[in-house]
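Visitor: I would like to go through this model with some questions. Please show it first.

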Amino acid sequence: MPDPKATISFELNGEPATLAFAPHKTLLEVLREDAGLTGTKHGCELGECGTCTVLLDGTPVLSCLLLGLACAGHRVTTVEGMAAGGRLHPLQDAFAELGAAQCGYCTPAFLLAAQALLAVEPRPSRAAIKQALAGNLCRCTGYLKIYEAVELAAARLRGEDATPARETLYGHA
Amino acid sequence: MKPAPFEYHRPGTVEEALAVLARHSGDAKPLAGGQSLIPAMNFRLARPAVLVDLNRIPALAGIRGSADGLRIGAMTRQRAVERDATVARDAPLVAEALPHIAHPQIRTRGTVGGSLAHADPAAELPAVMVALDATFDLVGPRGRRSIAATEFYTGLFTTALAPDELLVEIAIPRPAPRSGSAFVEVARRHGDYALAGVAAVVALDDAGRCRAARIALLSVGDGPVLARKAAQAITGESLTAEAIKGAADAAASQDIDPPGDIHASAAYRRQLVGVLVRRALQRACERARSH
């Protein structure tokens, strides 16, 4: 049964967008298939892995558990919306610098969850970072470098001249 | 996979929502936060012909404190409840249980009423509401009715809610004087479904004895289990370590018939309930004494 398309208008990565799609699609499918934004990854579809995390009005949600239609009139941010003016977001720089990504599949979601945390908590404790990222699974890097990258980016966003510790970059001698 | 096609409705009022539910009797499913329904639809375990999206009905969301207690709109997000100062003051058991529900992303979207109506036996909120003796307000074509949380749960994923009714509001009575509560659970990882969990409320009399206790268990039955034998065992007693242990033993041996599955055997769940009821009662008593 071909579904007549539904049309919604919303803000996507800072720009007004109008998209037409089959009304039963999740936001994840709409982003990847109809908006052509494949930075948001498709994981478990159950709410366990967190890899499809996007920001809805600045707050992390799972795009696989949200209907595309639910986003009408709202603000959606994906990893494609993080860089500005041709420059990576400090979190993206820090993740790259510290090797906080290995296969990279979970990275867009971690970046967005971390961005939402830093927006409300510029100086988060390690425990607060762990809690904010608890819904995101990484199966290869491990979490330590991810936490360190969030801390480094947070320091830089606060305007501090932060450089990563030597052992963070090269391991213990 | 992806959800199967469905007819989508997004009413702006409760009356409109009820009209759609009545029109498609049995085929329509209300969509709250979607954190349980959409996974089931993604896997095609659920294929509702009609979805009634409740997310644009402002009247269904909100937290109100009153002299009688707290009223929480069914569509209030779990994250909002978790951070609400009135909830922390007037229903600390709710505030203590909420961070155990999945992860921040899920709680941002998930609603209190959605979780309560879904009636997953491993869910935290149904047990919390049973322990608090909360009342649920349901609205349908036959009008509005109130039902005690304990009566609302009728079996595995089943409730007293008719297909043409909506859960609209939850009323939590004001805590009794000299009372305390505690929530504890064990999950393999934080945010996973609990292997077992306990929500306990204890009220003391002037002599420091247990005047009343309500203990609700999760993940050990078809729904939230009110541990009546455990409550009987301590009611009227001085809350010594021995009395608390007696109640915990009663919970583990008489109040439950837990299932065994790949996550935990029935015997292990029984063991957990004994330990967790003891811890919850100890903590609830300490809090009651400090009031």
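Visitor: Which residue with a positive phi follows helix 1 of chain A?
Guide: The model is a predicted one. After helix 1 of chain A the backbone takes a positive phi, near 70 degrees. The residue with that phi is A:Gly36.

Visitor: Which elements of chain A do the buried residues of helix 1 pack against?
Guide: In helix 1 of chain A, the buried residues are A:Leu27, A:Leu28, A:Glu29, A:Val30 and A:Leu31. The buried residues of this helix pack against strands of chain A. Those are strand 1 (6-12), strand 2 (15-21), strand 3 and strand 5 (75-77).

Visitor: A:Glu29 is among the buried residues of that helix. Which side chain does A:Glu29 meet in a salt bridge?
Guide: The rule finds 2 salt bridges across the interface of chain A and chain B. A:Glu29 takes part in a salt bridge with an N to O distance of 3.7 Å. The partner is B:Lys2.

Visitor: How much area do chain A and chain B bury between them?
Guide: The contact involves 33 residues of chain A and 25 residues of chain B. In chain A, A:His24, A:Glu45 and A:Leu65 lose the most area to chain B, together 25% of what that side buries. Carbon and sulfur atoms carry 59% of the area buried between the two chains, and that area is about 2300 Å².

Visitor: Which element gives the largest share of the side of chain A that touches chain B?
Guide: There are 12 residue pairs in polar contact between chain A and chain B, both at pLDDT 80 or more. Elements of chain A that give two or more residues to this side are helix 1 (27-34), strand 3 (53-56), strand 4 (59-62) and helix 4 (126-132). The largest share is 4 residues, and the element is strand 4.

Visitor: How many disulfides does a search of the whole structure find?
Guide: A:Cys106 is buried, with a relative accessible area of 12%. The nearest cysteine sulfur to A:Cys106 is that of A:Cys138, 4.0 Å away, and A:Cys106 is in no disulfide. Over all chains, the number of disulfides found is 0.

Definitions and conventions
Residues numbered from 1 in each chain as written. Chains lettered and ligands numbered in written order. Heavy atoms only, no water. Contact = heavy atoms within 4.5 Å. Buried area = accessible area lost by both parts, 1.4 Å probe. Salt bridge = Lys/Arg side-chain N within 4 Å of Asp/Glu carboxyl O. Polar contact = N/O pair within 3.5 Å; in protein donor to acceptor, adjacent residues only side chain to side chain. Disulfide = S-S within 2.5 Å. Buried < 20%, exposed > 50% of the residue type's maximum accessible area, 1.4 Å probe, protein only.
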